[in-house]
Amino acid sequence: MSAPAPADLAVDIGGTTIAVGLVDAAGTLVHTAVRPTPHGDAETVWAQVAALIAETVRTAGGRVRAAGVVSAGPIERDAGTVSPINIAAWRSFPLRARVQAALPGVAVHLGGDGTAMALGESWRGAGRGVPSMLGMVVSTGVGGGLILDGAPYPGRTGNAGHVGHVVVDPAGAPCHCGGRGCVETVAAAPALVGWARSNGWTGSDAKTLAAAAAAGDPVATAAFARGAAALAAMIASVAATCDLDLVVVGGGVSRAGAVLFDPLRAALADHTGLAFLRGLRVVPAALGADAGLVGAAALTRPHGPRFG
């Protein structure tokens with residue numbers, strides 16, 4: 001009996017969870033291991049990543065073709081380092097070198113988690129067959145990545161698609177990025193909950209807020225309408241800049257369903273008067289939390305597959 005074909009190792013590091021998986025040549029995720037992102041110093045966070053990598057390599061029987069590693073950003077792609085806003089302990093952390101040392105002889109490719117989400121949805125999800133799209137995650141933060149003319153567009157440093165830091169209110173709230181009025185300060189889960197609580201809602205998290213909105217609670221409904229309006233303004237700006245066909249929205253907040261998507265599409269219609277924007281579609285992500293891992297594996301294929 002022949003040995004199984006080598007798989008690609010995929011690593012997706014975020015502020016809430018760290019996931020490591022194996023992806024086959026067809027882009028199918030065949031193994032996943034997920035653990036919470038620990039609080040603590042840089043080495044504590046790395047130890048969790050290293051443990052998941054070692055566990056996954058054992059699952060693969062040591063047969064790993066290449067590794068795709070993605071992280072919350074910003075990243076420094078050429079240097080191989082990362083400085084995620086939501087992992088305070090990692091500042092210019094040498095992630096690519098650390099993974100390379102853990103996987104001797106295996107090529108390691110580094111990218112941003114937003115680009116990976118877009119890649120995953122383009123390869124195996126809601127964006128298949130679409131030449132130009134924005135993939136975005138609305139969760140604890142707001143992130144994104146771009147596919148333009150069928151190919152990923154990481155930008156000069158690997159950080160293109162940081163749509164959570166498009167400014168939608170120049171006089172708005174301070175953002176963790178150091179700016180002010182970013183869409184993340186209005187539409188991310190903590191911002192939705194914070195606004196609702198400041199207006200009398202007594203719940204504690206975005207999932208409960210979504211349920212309250214679905215049940216008709218006026219404050220919860222207004223919180224999602226406010227967040228959707230900010231997302232719509234940002235999406236219209238990015239679409240006008242990049243001439244997009246599609247926006248795919250994932251992340252925990254997207255699981256609110258119609259509570260988010262109905263006001264988002266209605267608000268977007270107010271911003272898309274130009275003829276080339278009128279066909280822009282906004283759809284839920286198809287791969288859920290798996291999109292980042294599938295997209296991380298796609299980074300190991302710099303000359304294919306093409307997306308769209």
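The structure is a predicted model, and every value given here was computed from it.

We begin with the chain as a whole, where the domain assignment gives domain 1, made of residues 8-116 together with 291-299, and domain 2, which covers residues 129-284. The centres of these two domains, taken over C-alpha atoms, are separated by 26 Å, and the contact between them takes 10 residues from domain 1 and 16 residues from domain 2.

The next step is to look at helix α5, which spans residues 189-198, and at helix α7, which spans residues 218-242; the two pack at an angle of about 140°, with their axes 9 Å apart. The crossing in which α5 passes α7 is right-handed. On the side of α5, the residues that meet α7 are Leu 192, Trp 195 and Ala 196, while α7 brings Val 219, Ala 222, Ala 223, Phe 224, Arg 226 and Gly 227 to the contact. Sorted by class, this contact of α5 with α7 has seven nonpolar residues, one polar residue and one charged residue.

Which residues of α5 are buried? They are Ala 189, Ala 191, Leu 192, Val 193 and Ala 196, and what covers these buried residues includes α4 (184-187), α6 (206-214) and α7. After α5 comes Gly 200, whose phi is positive, near 105°.

Further along, in the loop between α5 and α6, we find Asp 205, which is partly exposed, with a relative accessible area of 33%. Asp 205 and Ala 187 stand 18 residues apart in sequence, and their C-alpha atoms are 14 Å apart in space.

Helix α6 also packs against α7, and the axes of these two helices come within 7 Å and cross at roughly 110°, so α6 and α7 are roughly perpendicular to each other. Their crossing is left-handed, whereas α5 passes α7 in a right-handed crossing. In α6 the residues Ala 206, Leu 209, Ala 210, Ala 212 and Ala 213 meet Ala 220, Thr 221, Ala 223 and Phe 224 of α7, and the residues of this contact divide into eight nonpolar, one polar and no charged.

The peptide bond from Gly 73 to Pro 74 is cis, with omega near 5°, and Pro 74 is found in the loop between β4 (64-71) and β5 (75-76). In the loop between β6 and α2 lies Ser 92, whose phi is near 50°, a positive value in a residue other than glycine; at 47% relative accessibility, Ser 92 counts as partly exposed. Ala 88 is found in the loop between β6 (81-82) and α2 (95-102), and is exposed, with a relative accessible area of 63%. Asp 243, in the loop between α7 and β11 (246-250), has a positive phi near 55° and, at 46% relative accessibility, counts as partly exposed.

Notes. Residues numbered from 1 in each chain as written. Predicted model: local features only at pLDDT ≥ 70, side-chain atom pairs only at ≥ 80, totals over all residues. Heavy atoms only, no water. Axes fitted to C-alpha atoms, helices over the stretch in contact; angles between N-to-C directions. Helix = DSSP H or I, 4+ residues; strand = E, 2+ residues; numbered from the N terminus. Left-handed = near helix turned anticlockwise from the far one by under 90°. Contact = heavy atoms within 4.5 Å. Nonpolar A, V, L, I, M, F, W, Y, C, P; charged D, E, K, R; others polar. Buried < 20%, exposed > 50% of the residue type's maximum accessible area, 1.4 Å probe, protein only. Domains from an automatic or database assignment. Parallel < 35°, antiparallel > 145°, perpendicular 65-115°, else oblique.
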